[in-house]
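Work through the exercises below with the model open. Try each task before reading its solution.

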Amino acid sequence: MTVIDQAPVNPLFAEDPDGIAGTTLADVGRLFPIKQKRTYLNNASIGALSLPVVAAVERFLGNCRDNGRNDYPRWCSHADEMIKSRVGQLIGARHSEIAFVKNTTEGLVNVANGLAWKEGDNVVLPDIEYPSNVYCWMKLATRGVNIRWVKNRGGRILVDDIREAMDARTRLVSLSSVQFSNGFRQDLEATATLCREKGVLLNLDAIQWVGALEMDVERYGIDFMSFGGHKWMLAPVGTGIFYCRDAVLDQLEPTSVGYHTVDRGEAHMDYVLDYRPGAGRFEEALVNFPGIWGLDAAVRMQLALTPRAIEAHILSLTARAAEGLRAKDYEIHSPFGAGERSGNLSFSHPAFGPEELDRRLGEAGVDLAQRGGRLRISPSYYNDADEIDRLVDVLP
């Protein structure tokens with residue numbers, strides 16, 4: 001019998017090299033070493049990394065160590081076709097609508113600097129946004145673009161107030177889908193409907209949504225959306241996604257262009273500034289491939305567990321925390337109305353300052369964040385009820 005040698009499968013492009021597909025919410029905690037050391041409830045700041053994410057980064061670096069640039073063409077095609085398709089599956093987008101960025105800010109700046117603004121145009125912003133979704137719009141003042149601020153009502157951004165802020169020169173509404181300070185979840189469906197009625201573009205800072213809550217950009221009708229990988233996605237720092245709906249792609253001019261903005265293959269001196277057909281045109285040069293391989297592992301994990309189950313699990317943890325905290329006379333500052341909750345839970349105590357409580361928790365191995373003079377927890381899918389109970393038990 002003749003044995004035919006077959007080329008070994010390159011593990012860098014294997015379908016599921018770490019067995020992520022079989023992961024469940026019941027056993028996913030074993031993949032997060034931080035659980036053996038800390039009660040980590042600060043994933044809305046920088047999320048903990050899993051073993052498969054770290055392994056994916058190391059796998060890519062090992063490929064470079066052993067093969068140099070020999071697999072470079074395949075890196076590009078695999079990232080553009082396979083990895084972007086999985087990201088698209090996660091957020092309800094086509095792979096052609098996705099670009100890799102290094103953080104949320106880069107995606108927001110793509111929109112701020114890429115639209116053809118006219119003097120007198122304005123953008124509508126909530127007054128409690130994270131700075132990334134403020135400074136890029138403030139800078140447009142030099143081009144005659146104004147900001148129309150929406151005042152929050154107890155931490156909520158109401159759709160009716162967005163409507164009141166609009167006028168005939170409003171080009172864009174830009175807001176956080178979830179507010180970082182208190183966890184308020186925007187009514188995206190109503191907000192998008194309003195924008196369509198007014199002929200106004202909708203741009204989202206979604207870093208506090210994607211990875212914790214189920215997202216479908218097509219169903220909501222989002223025009224632009226950006227999110228970093230290092231928070232709820234539990235992916236490496238320096239990774240992120242910029243989504244640009246196909247129908248509005250040509251309204252956005254790439255402001256940073258380079259070799260990867262066009263698609264000329266190896267024809268390096270064939271100088272034709274002809275943009276790539278999809279959102280990939282916003283990737284002007286080599287992207288963070290090691291980080292993107294880690295991001296892909298994090299996306300695989302999300303798809304295996306399913307965004308709907310992840311959202312339900314996270315909301316159950318924040319509800320459990322709120323119940324325990326209220327029983328110890330803590331005040332909950334996060335909105336708890338129908339459709340308002342997210343993975344962020346903000347709280348305080350009338351008798352204890354946030355610095356004192358943060359110090360006490362840190363010494364006990366419990367990690368959270370201070371935001372706006374309050375404490376904020378952000379449990380992810382690998383956290384469990386016992387960790388929430390430990391938080392409550394340690395607090396005075």
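**Exercise 1. Count the residue pairs in polar contact between domain 1 and domain 2**.

Step 1. Apply the rule. A polar contact is a pair of N or O atoms within 3.5 Å; within protein, one must be able to donate a hydrogen and the other to accept it, and residues adjacent in sequence count only if both atoms are side-chain atoms.
Step 2. The count is 10 residue pairs, both residues at pLDDT 80 or more.

This is a predicted model: local features need pLDDT of at least 70, side-chain atom pairs need 80 or more, and totals for chains, interfaces and linings use all residues. Residues are numbered from 1 along each chain as its sequence is written, and side-chain values use heavy atoms, without hydrogens and water.

**Exercise 2. Find the salt bridges across the interface of domain 1 and domain 2**.

Step 1. Look for a side-chain nitrogen of Lys or Arg within 4 Å of a carboxyl oxygen of Asp or Glu.
Step 2. The rule finds 3 across this interface.
Step 3. Check a salt bridge: Arg156 pairs with Glu340, with the closest N and O atoms 2.7 Å apart.

**Exercise 3. State the area buried between domain 1 and domain 2**.

Step 1. Take the accessible area (1.4 Å probe) that the two parts lose on being put together, summed over both.
Step 2. In domain 1, Arg185, Glu214 and Trp232 lose the most area to domain 2. Together they make up 30% of what that side buries.
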